[in-house]
Amino acid sequence: MLQPPRWIAHLDMDAFYASVELLRYPQLKGEAVVIGGRRADAPQQLEDGSWRYARLRQYTGRGVVTTSTYAARDLGVFSAMGLMKAALRAPDAILLPADFDSYRHYSRLFKAAVAEVAPVIEDRGIDEIYIDLTDVPGVRDAVGHDPLGGVKAVAREIKNSVWRATGLTCSIGITPNKLLSKIASELDKPDGITVLTMDDLPTRIWPLAVRKVNGIGPKAGDKLVKLGLHTVGDVAAADPAWLIEQFGQSYGHWLHQASHGLDTRPVVTHSEPVSVSRETTFERDLHAVHDRALLGQIMDDLCERLSHDLARKRYAGKTVGIKLRFEGFITVTRDQTLKTPVSSAADIRRAVGQCLKRVKFDKRLRLMGVRVGNLVHASDVAAAAPPAPRREEPARENLPLF
Ligand code: TTP
Ligand code: MG
Ligand code: MG
């Protein structure tokens, strides 16, 4: 059998946040567990050593499910669903608060474990990576009569390495490119390995719904379906000139290529973040005037945390932006580009104040976020400009509203 020019893997951890929590509470294995509660929902150990857990039925508020165990998914509870809606489907499911520090810790551990087997890794977020396996020794070897034996063995080795380092399972898709691998890693979740060649396109990829392709979002997906194209195979069978007529030159061409499983994007091993941000949703909608002091405090706190994030990553940024979401899901963003990059909480807060002046506050607020973009390495800032002199007046003065 002809080996493809590249073997690219996509690895995605199974029910990631929930699985990390089960490491801490192994007694919950097999149970319907939902991640997304508040601190107060943390399990309590009773005097007799047993645990008391919060149940979904007790939850009131606007929180959403970040993820759920496969047992909870069987009951119809999925990521991004409101917790109160989830409670209607699975009232007895156990609710746990999210612990992002743990998830980041296990994220680093699993990526390091993969790197021991295959070092060419593109980081795609907290629980997933692409890996270029093309140059991994033995990947092209046949094993017995199986021409794909070598690539499957590498996949098993990667999964074992992740399991040994973390006690967690993942699913891997391996194909000639990133586009197909991203689809393939989902085909046998959890704990799966799916290896596909171009020969498998008609049987494994073409029957899938168009939305399974990364890059076909809700809008394009709806339009395709309205045009009568439901599956990837429908798109593949469509005339490319017609696709371009419907979707424009660039996206129409991409749809044709993607539906034929074609993608030449390389695995990019290092990328700089474009921006760093922090945001928070309130427990209740807040009023710009009546809750002014509280809003001011929340904003101070966001700037403080963002400044810590920047310090940890050693970045500063020239653009400071805010995001506000009002009742009715109306989202407003404003940003301001400064003369020199900033990273201190006070400098960020000052720029935020300028942005806030440009917003009309005629509705209640439910979310606030701060972003610093146009990033440069902190060492470059220090080399380019002396630190700005400290201003005497506190940063809170002459701020609009809060
Ligand atoms: P996913 O990989 O999409 O989901 P998952 O790992 O929980 O489950 P699967 O086995 O299907 O891969 O997301 C990784 C983590 O990101 C997930 O554990 C929680 C978080 N997340 C959210 O916070 N909100 C979301 O809407 C989604 C989809 C994920
Ligand atoms: Mg996952
Ligand atoms: Mg993922």
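The shell around ligand 1 divides into seven nonpolar, three polar and four charged residues, where Ala, Val, Leu, Ile, Met, Phe, Trp, Tyr, Cys and Pro count as nonpolar, Asp, Glu, Lys and Arg as charged, and the others, Gly among them, as polar. The model is a predicted one, in which local features need pLDDT of at least 70 and side-chain atom pairs count only at pLDDT 80 or more, while totals for chains, interfaces and linings use all residues. Residues are numbered from 1 along each chain as its sequence is written, and chains are lettered from A and ligands numbered from 1 in the order in which they are written.

Of the 14 residues around ligand 1, those that come nearest are Phe16, Tyr17, Thr66, Thr67 and Ser79; a residue is counted as near if its C-beta atom, placed from the backbone, lies within 6 Å of the molecule or strand concerned. Strand E1 (8–13) and helix H1 (16–24) each contribute at least two residues to this shell, helices (H or I, at least four residues) and strands (E, at least two) being DSSP runs numbered from the N terminus. Ala15, in the loop between E1 and H1, has a positive phi of about 40° although it is not a glycine.

The protein is divided into domain 1 (8–14 + 102–202), domain 2 (16–98), domain 3 (209–259) and domain 4 (275–384), with bounds that come from an automatic or database domain assignment. Because domain 1 and domain 2 both give residues to the shell around ligand 1, the ligand lies between them. The C-alpha centres of domain 3 and domain 4 are 38 Å apart. In an unreviewed UniProt entry, the annotation "domain: UmuC" covers residues 8–217; UniProt positions are given in the numbering used here, feature names are shortened, and annotations may be inferred rather than shown by experiment. This span is 33% helix and 19% strand, and its end C-alpha atoms lie 23 Å apart. A cis peptide bond, with omega near -10°, leads from Lys189 to Pro190, and Pro190 is found in the loop between helix H6 (178–184) and strand E11 (193–195).

An open sheet is formed by four strands in the order E12-E15-E13-E14, with antiparallel pairing, two strands being taken to pair if DSSP finds at least two bridges between them. Strand E12 (275–286) and strand E14 (330–342) are the edge strands, each pairing on one side only. On average, neighbouring strands of this sheet are turned by 15° against each other, direction ignored; axes are lines fitted to C-alpha atoms, for helices over the stretch in contact, and angles run from 0 to 180 degrees between N-to-C directions. E12 pairs with strand E15 (residues 365–377) over eight bridges, and the bridge partner of Glu279 in E15 is Gly369. The pairing of E13 and E15 runs over 11 bridges, with Val370 in E15 as the bridge partner of Ile322. E13 and E14 are joined by nine bridges, Phe326 having Ile330 in E14 as its bridge partner. These two strands, E13 and E14, form a hairpin with three residues between them, and Gly328 in the turn has a positive phi of about 85°.

Two helices accompany the sheet. Helix H12 (residues 292–313) lies across E12, strand E13 (315–326) and E15, running at about 155° to E12. Helix H13 (residues 345–357) packs on the sheet and touches E13, E14 and E15, its direction making about 135° with that of E14; residues are in contact if their C-beta atoms, placed from the backbone, lie within 7 Å.
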